[in-house]
Amino acid sequence: MHYARGTAFDAEYRVRLADGSFAWLHERGTAEFDETGRARRMLGVLRVVTQRKGQEQRLEHLANYDELTGHFNKKRLRESLDQLLAHSLRSGLPGAYLAIGIDKLASTNDVFGYEAADQVIIEVGQRLDRCLRVSDVIGRVGGDRFGIILAHCAEHNIATVAEKILGMVSQMPIDTL
């Protein structure tokens, strides 16, 4: 234990409250010892830091994920693509990257407003989720663009996947109300 060594301690931890929710605590302190070297009492501060931890988690999430769709952001997608390329070079297994664009999204934005355009982006992302494998990685790389990483996808299957995506995205109108 820290106090047995005579050093200060500094810890953050999460506790479950009586109502089932969680609170984050930050505890910092030291021990006071008697003349025989035994810990006599603990001195320190205990603070609730739940709000700060929530903000940190939100920033961490935003550093990796697109806020609108919940998919990887451009930076995180690039990291995943780099990992796939390295793995493919080591293993010899094929993979692919698809770029998906939403046609005329700027017109939707101009005519119906950004809320409608955002709804189109969200729905396209959800449709991509439904038609791809769990192992495939989806990221939003720009306003109207998604990138898709297909691990273990042979070259002759890429066109099939692209057609499946096109069919899924264009099969029904997108409700923006």
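Is E79 buried, exposed or partly exposed? In this predicted model, E79 counts as partly exposed because its relative accessibility is 30%, a value that falls between the limit of under 20% for buried residues and that of over 50% for exposed ones.

**View 1. The side chains of K75 and E79 pair within helix α2.** The two residues form a salt bridge in which the closest N and O atoms are 3.1 Å apart. As a general point, side chains of opposite charge can pair when their charged atoms come close.

**View 2. A salt bridge joins E12 to K53.** The N to O distance between these two side chains is 3.2 Å. The pair links distant parts of the chain, since E12 is in strand β1 while K53 is in helix α1, and the two are 41 residues apart. E12 is partly exposed, with a relative accessible area of 35%, whereas K53 has a relative accessibility of 14% and therefore counts as buried. Salt bridges that share partners bring E12, R52, K53 and E56 together in one network.

**View 3. R41 and E32 form a salt bridge.** Here the closest N and O atoms are 3.0 Å apart, and R41 itself is partly exposed, with a relative accessible area of 46%. The count of salt bridges in the model comes to 16, and the pair of R41 and E32 is one of them.

**View 4. A11 sits in strand β1.** This strand covers residues 9–16, and A11 counts as partly exposed because its relative accessibility is 29%. When neighbours within four places in sequence are left aside, A11 is in contact with L25, H26 and E27. A11 and D129 are 118 residues apart along the chain, and their C-alpha atoms are separated by 39 Å.

**View 5. H71 occupies the loop between helices α1 and α2.** H71 has a relative accessibility of 7%, so it counts as buried. Leaving aside neighbours within four places in sequence, the residues in contact with H71 include N64, Y65 and D66, and also G125, D129 and F146. I138, G139 and R140 are likewise among the contacts of H71.

**View 6. Helices α3 and α4 cross at roughly 145°.** The axes of α3 (residues 105–112) and α4 (residues 114–131) come within 6 Å. On the side of α3 the contact is made by L105, T108, N109 and F112, and on the side of α4 by Y114, A116, A117, V120 and I121. Of the residues in this contact, seven are nonpolar, two are polar and none is charged.

**View 7. The whole chain holds five helices and six strands.** Along the sequence these elements follow the pattern β-β-β-α-α-β-α-α-β-β-α. The radius of gyration is 25 Å, well over the 16 Å that the globule rule gives for 177 residues, so the chain is more spread out than a compact globule. Its C-alpha atoms fill a box of roughly 80 × 45 × 25 Å along the principal axes. Buried residues make up 31% of the 177 residues, and the chain exposes about 12000 Å², of which carbon and sulfur atoms supply 54%.

Note on methods: Residues numbered from 1 in each chain as written. Predicted model: local features only at pLDDT ≥ 70, side-chain atom pairs only at ≥ 80, totals over all residues. Heavy atoms only, no water. Helix = DSSP H or I, 4+ residues; strand = E, 2+ residues; numbered from the N terminus. Buried < 20%, exposed > 50% of the residue type's maximum accessible area, 1.4 Å probe, protein only. Contact = heavy atoms within 4.5 Å. Axes fitted to C-alpha atoms, helices over the stretch in contact; angles between N-to-C directions. Nonpolar A, V, L, I, M, F, W, Y, C, P; charged D, E, K, R; others polar. Rg over C-alpha atoms; globule rule 2.2 N^0.38 Å. Areas by Shrake-Rupley, 256 points an atom, 1.4 Å probe, with all protein chains shown as cover. Salt bridge = Lys/Arg side-chain N within 4 Å of Asp/Glu carboxyl O.
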